[in-house]
Amino acid sequence: MTNQPFFTRDRDAFIPTQAASGPWDPKSLHGRVIIGLLAFVIEARHGGEGLVPARLTVDMFRLPGFAPIEVKSRVIRDGLRIKVVEAEFISGGVSMARASCQLLRKTENPEGRVWSPPNWEVPAPAEIPAPTDPRLGMNGKWTTRPIVGAMGTVGPRRLWMSEVRDLVEGAALTPFVRVAVAADFASPFANAGDHGLGYINSDVTLYLHRLPEQEWIGFDVVNHHATDGIAIGECYLYDQRGPIGTSTVAALAQRKPMAKTPPP
């Protein structure tokens with residue numbers, strides 16, 4: 001990828017670039033890069049052959065600025081079939097987010113049949129024209145191929161998403177990091193309404209029964225409910241072979257309007 005990455009490195013520190021800015025405040029980082037960096041460190045330090053990161057939960061309790069970032073991690077459990085890892089996102093010496101990741105060892109499915117929802121039947125990304133509205137990719141943070149519905153409409157929503165830049169300079173996106181960076185999109189995609197996006201998510205939980213095999217990640221909104229300013233949104237996730245998991249978010253009503261994101 002030739003676009004500017006979200007982070008560069010200075011020894012053990014990660015330095016955000018301007019591309020990492022978020023929609024709520026141009027002086028703060030986007031939630032997707034926080035989640036992605038925690039996944040990047042967990043996989044690099046604690047991943048292994050035959051282990052699938054089946055669940056990643058990230059709590060985001062502060063909006064980090066552009067100070068150098070340190071990620072601390074530790075193994076909570078390292079068994080024959082289950083490994084549990086925690087990681088902490090520290091910006092300017094202050095804890096801003098934390099992650100818990102459960103890695104499960106591959107094995108064989110048990111005998112017998114179990115009901116599953118049907119695979120979605122949608123056009124492949126190559127069959128869908130690129131959108132002309134740059135806001136669909138936040139002016140170059142990602143690219144999309146809309147399938148059904150759109151922001152600002154009420155009804156079913158489906159799209160394909162692909163990254164256009166690396167997370168960390170010099171490190172190609174792995175399948176896990178690719179889907180972790182994308183997972184935060186479940187919040188605006190599931191929670192935006194006909195008056196725009198009025199919720200800011202405080203967490204993401206990504207469940208994966210397998211890693212994506214291609215660059216495009218499919219999002220299908222399957223849930224949004226809200227009461228007293230607290231919302232839950234959920235998307236089924238796909239690659240071009242079929243379903244890979246889900247992304248679920250909790251969100252709070254946001255009184256501050258979303259900042260207009262300038263082109264990179």
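This report describes the confidence, nonpolar cores, cysteines and one arginine of a predicted model.

Residues are numbered from 1 along each chain as its sequence is written. In this predicted model, local features need pLDDT of at least 70 and side-chain atom pairs count only at pLDDT 80 or more, while totals for chains, interfaces and linings use all residues; side-chain values use heavy atoms, with hydrogens and water left out.

**Confidence**

The predictor's confidence in each residue is expressed as pLDDT, from 0 to 100. The protein chain has a mean pLDDT of 93, and 94% of its residues reach 70 or more. Over residues 259–264, however, pLDDT stays under 50. For this stretch the model has twelve contacts beyond four places in sequence, a contact being heavy atoms within 4.5 Å. Where pLDDT is low, the predicted coordinates should not be read in detail.

**Nonpolar cores**

A nonpolar core is a set of buried Ala, Val, Leu, Ile, Met, Phe, Trp, Tyr and Cys residues joined through side-chain atoms within 4.5 Å. Buried means under 20% relative accessible area, exposed over 50%, and partly exposed in between (1.4 Å probe, protein chains only). The largest core has 56 residues, and those with the most contacts inside it are Phe 7, Leu 37, Leu 56, Leu 167 and Phe 219. Helix 1 (residues 31–46) contributes the largest share of this core, nine residues; helices (H or I, at least four residues) and strands (E, at least two) are DSSP runs numbered from the N terminus. Apart from this core lies another, of five residues, among them Trp 120, Trp 160, Trp 216 and Tyr 238. Beyond its neighbours within four places in sequence, Phe 7 is in contact with residues including Phe 14, Leu 29, Leu 37 and Leu 167.

**Cysteines**

The structure holds zero disulfides, a disulfide being a pair of cysteine sulfur atoms within 2.5 Å. Cys 101 and Cys 235 cannot form one because their sulfurs are 20 Å apart, too far for a bond. The accessibility of each is listed here.

| Residue | Relative accessibility |
|---|---|
| Cys 101 | 0%, buried |
| Cys 235 | 0%, buried |

**Arg 210**

Arg 210 is placed in the loop between strand 10 (203–208) and strand 11 (217–227). Arg 210 counts as buried because its relative accessibility is 13%. Its side chain makes polar contacts (N or O atoms within 3.5 Å; within protein, one must be able to donate a hydrogen and the other to accept it, and residues adjacent in sequence count only if both atoms are side-chain atoms). The side chain of Arg 210 reaches the backbone oxygen of Gly 242 at 3.3 Å, and a polar atom of that side chain lies 3.4 Å from the backbone oxygen of Pro 243. Leaving aside neighbours within four places in sequence, Arg 210 also contacts Asp 239, Arg 241 and Ile 244, among others.
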